[in-house]
Structures are given as structure tokens and as C-alpha cells.
Amino acid sequence: MNLRILSVTHDLHGLTEVQRVSQHADTMSALLRHTAGVEGLITLATCNRLEFIIDSPKVPEAHLRLRLARELPSPPNWGVYENEDALTHLFRVAAGLESMVVGEREITGQLRRALKEAQASGATSGTLTSAINAALRTSRRVSAETRLQESGRSVVSVGLDMTGITDWSAQQVLLVGTGSYAGAAVAALRERGAGTIVVHSASGRAAGFAERHAICHTSKLESALAKATLVVTCRGSATPVVTPAHLEGTSPTVLLDLSLQPDVDPAVATLPGITLLDLAAIQAAISPTWAADSAHAERVVAEGVNELSNRLASRAADPAVASLRATMLRIVDEEVERLPQGRPLTVEDCALALRRLTTKLLHTPSTRARDAAAEGRIADYLAAMEELYGIETRHDLNAPSHRRCPVTGLSFADLAAEPTEAI
């Protein structure tokens, strides 16, 4: 296995660094793909991570990083994973264990699309395809055996609880954005009896969202902020949509930012009388709730990684098996050519051909057995025979002349002469 992953992620590098490096994702991906020795490449680019999953048997990861450094004004401090560590990281990503919201399912679709794009362009390899598909299967098992996929809904509920609001009927709620948490936010607010909910979206989706959820909508952010007592953001834009300037002379005292990429400028938290709750704080609060499910997911991931590692390791024998098969078939073809032509084959013809074939097949093992005995390596030879043919050996190595090889049927005394062909 020669799997490597170079990554920049929200938790190790910050979202700002992810955004900066992701701008060059296509260029870096093309560069890696055309690097000599890279047999396969899958690029996973999301709003909170950029990962290059690489099959490169003979290319050191330091060389890969050096190649990428030429494409960036300031190269990132890449997270580097190799071989089994890379598999573990890949499986954890697919299972949502590396996500900002643990257990989120969006990453599986993103990983599946990344694989399909690599396959369509011819960029992937058999090893990478096997690894991604195994990671996705493990992800489905995590989803079936744990409740982690429900943690996203808990984010909204716990976030609203953390606001400290008790009189929900008196709240004027402004929902900014129609992202993945928007619908859950409306449902959770209604459960609490929120008085008024108004949605704003710079993308123009507010009207349709408001109609589907039977709430009001507005196109004027500043005036809506002036009326709101609670602001819930889930837009996920590249830049904050609510800044300190927006809140001058306005009434909201609590802002709940549910976006992976902050919708609210962190400087808002320094304003007097303002409480800002972001997704990281909410995630930290709910993590204990999912401890048992997370632990089970980790076990499922470990089992998946172990199973795939064993399967990939077994492929190391494929070239040797193919060579052995080709050699055996060549010997068989030679004997077929020696069969009598122009008349039906007799039992004697077949028996003679089989004896000749057996003699040829056992010639090399017999010779090697004699060499092993002469060099004091007979124990190794017998162990190899047991491994190859599955024949248990119980031999007294101190009296070799009275024992016979379990494969060739020859004693050590028989090995004094070259095998002869029966005629």
C-alpha cells in the first residue's frame, strides 16, 4: 500500500487557510496528476477541507510537497498522512468524524463525487478506488449503527438553548441565509413558540424559503437587524455578512452563527451587550452527548481500516502468483504439443504425459530440497513447502535419509541423482 494524503483542514489550519489554499486547488491537482510516479489522485475540496489523496509508490511525500510549494506564494503547513495512517484519516473523514459537526452526512456525497470525477478523467487508480469505496461502505455502517447523523439537528437545538432566552413568544427572530441549518432552525424556533420569524437571503432565495415554511421574508438586512432581538445565521458565505457596523444602534442582543464559515464577524463579540455563539462553541457543548456513538463509530472505522489493509496487503503476492501460473501453463502447453498426433489418445499416452508433466513440475522443488539439505536449511525448506502446499510436516531432521519430502515424495537419498523421465 502506497497511500498518501496531503491536507489543509478547518480544525488544524483554520477556515481562512483552507479558503486561501483552495483557490489553487485545480492548479495543484493538475500538477500532482502529471508528476512522474503518481499513479492515482483524488482531490476532495469542500468548504472546510482540501485533501489530495495520492497513490504514489515511488514518490516521497517531501517531493510532492516541494512540487506544490511552487504554486503558492506561501505554502501551507500540510497535514501529511501515509499508508495505514492515511487510510484511518480517510475513513474518519468519510464517517464524518473529522467534520466540524461530527457525523454530518454531506461529506459522503462530496467524497463520492470526487471519486466519480477522478474516474471520469482517468486520474484514479485501483488502490484509490478500493480505498474510497471501502471508506464509503464503512460510513454507511456508521450511519446505520449510530445516531451521529442526528447531531446536526442537535446543533440548532443546543445553540438555541445556549442563548439563555426563556420568553420565546416575545422574540423577533431574523434568520439570515437559507443554508443547511435554516429549515431545522425554523422548526426548532416554532417548537419554542417564537413570536416572529423573518428570513433574509442575499441570493434571492428568501421568498421561496419563506413560502415553504410559512414565514415572512425581507430584502433589507439593515432594517431587519434593527427590529430583531435574536439573529440566527446559516448562510456560509466566504465573508461575514453581519459586521459591527451593521449593529450600530440596533436591538439584537444575541447572535447565533450556525455557519461553517462564519457569517458574523468575530469582532461583534466585543460590542457591549452582545452575545455571539458560533458553531465551534456549540459543537464543544454537544460533544459529550454523542460520546458513546462516537466511540462506536471509531471501532467501526478501525475494523474497516483493518479489513482493507489486509486485502491490500494480500495483493502484494499477485505478481508472484501470476508468474507462477504463467510458468505452469507453459509447461503444460509443452506437454500437450508432445502428445501423439493423428490418432486417438490411449490411457498409456495420457499416463505418460502426466508422468512427464509431474517430473518437470517437481524437478525444481527437488533440486532446491537437495540444496537446502546440503546447506543446513532443510527446516526452512520444509516450512516453505508447508506454507505453499498446506501440507503439515512432522519430520525428524536428525535422520533425514529415512524421511520423504511431503510434496515430491522423495527421500534425501533419492536426491543424489537428477530426476529421470519415465519412458
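Tutor: Gladly; let us start with what covers the buried residues of α13, which includes α5 (83–94) and α7 (126–145). This is a predicted model, where local features need pLDDT of at least 70, side-chain atom pairs count only at pLDDT 80 or more, and totals for chains, interfaces and linings use all residues. Residues are numbered from 1 along each chain as its sequence is written, and side-chain values use heavy atoms, with hydrogens and water left out.

Student: Which residues of α13 are buried?

Tutor: Among them are Asp-293, Ala-297, Val-301, Val-305 and Leu-312. Buried means under 20% relative accessible area, exposed over 50%, and partly exposed in between (1.4 Å probe, protein chains only).

Student: Why is Thr-163 called buried, while Glu-150 is called partly exposed?

Tutor: Thr-163 has a relative accessible area of 11%, so it is buried. Glu-150 has 30%, so it counts as partly exposed. Thr-163 lies in the loop between α8 (151–162) and β5 (172–176), whereas Glu-150 is in the loop between α7 and α8.

Student: What is Thr-163 in contact with, beyond its neighbours within four places in sequence?

Tutor: Trp-168, Leu-230, Val-254 and Leu-277; contact means heavy atoms within 4.5 Å.

Student: What makes β2 and β4 the edges of their sheet?

Tutor: Four strands form an open sheet in the order β2-β3-β1-β4, with antiparallel pairing. β2 (40–46) and β4 (79–82) each have a single partner strand, so one side of each is left without a neighbour in the sheet.

Student: How do you know that β2 and β3 pair?

Tutor: Two strands pair if DSSP finds at least two bridges between them. β2 and β3 (residues 49–55) have seven, in the antiparallel sense. In one of these strands, β3, Ile-54 is the bridge partner of Leu-41.

Student: And which residues have the most contacts inside the largest nonpolar core?

Tutor: Ile-53, Leu-175, Leu-230 and Leu-258, in a core of 65 residues. The largest share of this core, seven residues, comes from α7. A nonpolar core is a set of buried Ala, Val, Leu, Ile, Met, Phe, Trp, Tyr and Cys residues joined through side-chain atoms within 4.5 Å.

Methods: Helices (H or I, at least four residues) and strands (E, at least two) are DSSP runs, numbered from the N terminus.
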